[in-house]
There are 2 protein chains.
Amino acid sequence: MVNWILAMDVGGTKQTVALADGEGQIQVQQRRPTERESGAEGGIEVLLEMAHEVVAEAGLTLTEVARVGIGFGGPVDVRTGTVLLSHHVPGWENVPLRAIMEEKLGLPTVVDNDANAGTLGEARFGAGRGAEDLVYINIGTGIGGGIMVKGQLVRGVTTTAGEIGHTTVKEDGPLCTCGKRGCLESICSGDSIGRRAREAVTAQPNAGRALVEAAGGQVGAITSETVFAVAAQGDALAQALVDETVHYLALAIGNLLNLLNPELVIIGGGLSEVGDILFVPLRQAVREIALEVPYRAAHIVPAELGYEAGILGAVALALE
Amino acid sequence: MVNWILAMDVGGTKQTVALADGEGQIQVQQRRPTERESGAEGGIEVLLEMAHEVVAEAGLTLTEVARVGIGFGGPVDVRTGTVLLSHHVPGWENVPLRAIMEEKLGLPTVVDNDANAGTLGEARFGAGRGAEDLVYINIGTGIGGGIMVKGQLVRGVTTTAGEIGHTTVKEDGPLCTCGKRGCLESICSGDSIGRRAREAVTAQPNAGRALVEAAGGQVGAITSETVFAVAAQGDALAQALVDETVHYLALAIGNLLNLLNPELVIIGGGLSEVGDILFVPLRQAVREIALEVPYRAAHIVPAELGYEAGILGAVALALE
């Protein structure tokens, strides 16, 4: 049967290739660190090498593979399968990744950004199973997102829909990686929480003592993980940083509920693993922003796929 | 041929019933003022009367009508066709309008709120012809909206999607009709622009002289129309009110572009008729909020259906 799936997750720190069956169950998988200095060309070579290896390892040949799904850690023009940019690895400007893979592997290929892949992955295999209308928010280094309506990913007219991280939540707020000010990402991403904490500690050394201690005495080592861990111990400054994070996340999510009336808001990425210290106040704060009917209709839950979200998302892309 | 359409537009000030052919062309139409004191029961009686009359006037019988589409000026549970509430006419609490019409007319009926009907109407007959991904924002007394993705209306899991008017754009902003603060509607609806103008004139009587004069010397008579008319003559206070309106509309629209990457943003309702004094600065201000790719992909345009938007929306509902 020609219904095997090749899935590829291309990130800034690691590249993963998996072989999945027609149900999306991964049978063989390989993972290697991304070598930044070898750029796009080197990265593609490694992906092809792993692809051939996982297929061989499964005792198959490429003729038994139906489709290739690729989730890429950066903006992609889905219509042409072109990677527009990587924020982490040089050399990925305007790379026609779909065309290259289709030529090299001779298989129909779909390429999308990792946030859309993650949305499809959670919808098919994770917290979104059974839901048709959902929003996925990945809070890691940055903030990515995806929107699903009636079981279909919303891609928009030029395939850039889902940029939840660049919702303006605070006018004249912090400068964002996109060049604008006050985006959700500029306050609530893992990187931004860490930056805000380091700024707060520098401004209030006394109040920040617990945060600095938890980071081994080095202000520069304070991360978003430090903030949530220290807040859980009852530290006031860390809790204030968590409160601010919750406040702006709730503003963005509440507005999303009013607009889209989804059944689920799935929060993935590193931040989703902190548990109730985030989710309980977040649900409460969303209530202040959302209208009553969409608020009651929506569950705000952590993602389920964790470390495997990327590669399962790529599988879901191929199965879409 | 059994493909005629009965369309009904049920508003707070007027009720319209039309008979359209299978292409959606209206052949016969009646319009009567809404009698608030006769409530839902009286309103439904008038709708039925008009329905029988337009069908007879066209020389047809109900057996030649395929479907009934009803756009209602208030929240509707589309799944059951139940009107939840009218903000303008008493007696419309939890009225199973679809069931009543299906029983009385013996025809399959769809009921939705007028913002969704307007979205479908503009998409099929108006400014949205040919577009698959669009957002419709109706700025009248309040602000309603609808979202279309790949040619389908986004209704959400409990059919309340599209509440663009209740996007929080200004924390601790003015109190909104929904009970929350700083919704788009609380600043930018026709009613809110008028209210802000009257407040500004009361606070700054000198600066507000032109506004008061244009309203026949009565502060209480200043409306959003006064504001735009006086701003067009170069008045500073009126222009400041227009600027604030543009600013918050742009914030909501820019965030929508980032989220949904639509091809079109169609602005309907009374405010859309003021022309370039709104649209030129609005497009410019949206640029400050939206990311570049979705900004360049989206046209922000006035609605085209004007006074007929409601009834054509009801036709589009029946044809959906």
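The model is predicted, with local features needing pLDDT of at least 70 and side-chain atom pairs pLDDT 80 or more, while totals for chains, interfaces and linings use all residues. Residues are numbered from 1 along each chain as its sequence is written, and chains are lettered from A in the order in which they are written.

Let's start with the helix. Helices here are DSSP runs (H or I, at least four residues), as are strands (E, at least two), numbered from the N terminus. α1(B) covers residues 39–57 and spans 27 Å between its first and last C-alpha, close to the 27 Å expected at 1.5 Å a residue; the expected span is 1.5 Å times one less than the number of residues.

A residue counts as buried if 20 or more other C-beta atoms, placed from the backbone, lie within 10 Å of its own, as exposed if 12 or fewer do, and as partly exposed in between.

| Residues of α1(B) | State |
|---|---|
| Gly43(B), Ile44(B), Leu47(B), Met50(B), Ala51(B), Val54(B), Val55(B) | buried |
| Glu41(B), Glu45(B) | exposed |

Seen down the axis of α1(B), the buried residues fall within an arc of 130°, so they line one face of the helix; the arc is taken from the directions from the helix axis to the C-beta atoms.

Now for the sheet. In chain B, 5 strands form an open sheet with mixed pairing, in the order β3-β2-β1-β4-β7; strands pair if DSSP finds at least two bridges between them. β3 and β7 (109–113) of chain B each have a single partner strand, so one side of each is left without a neighbour in the sheet.
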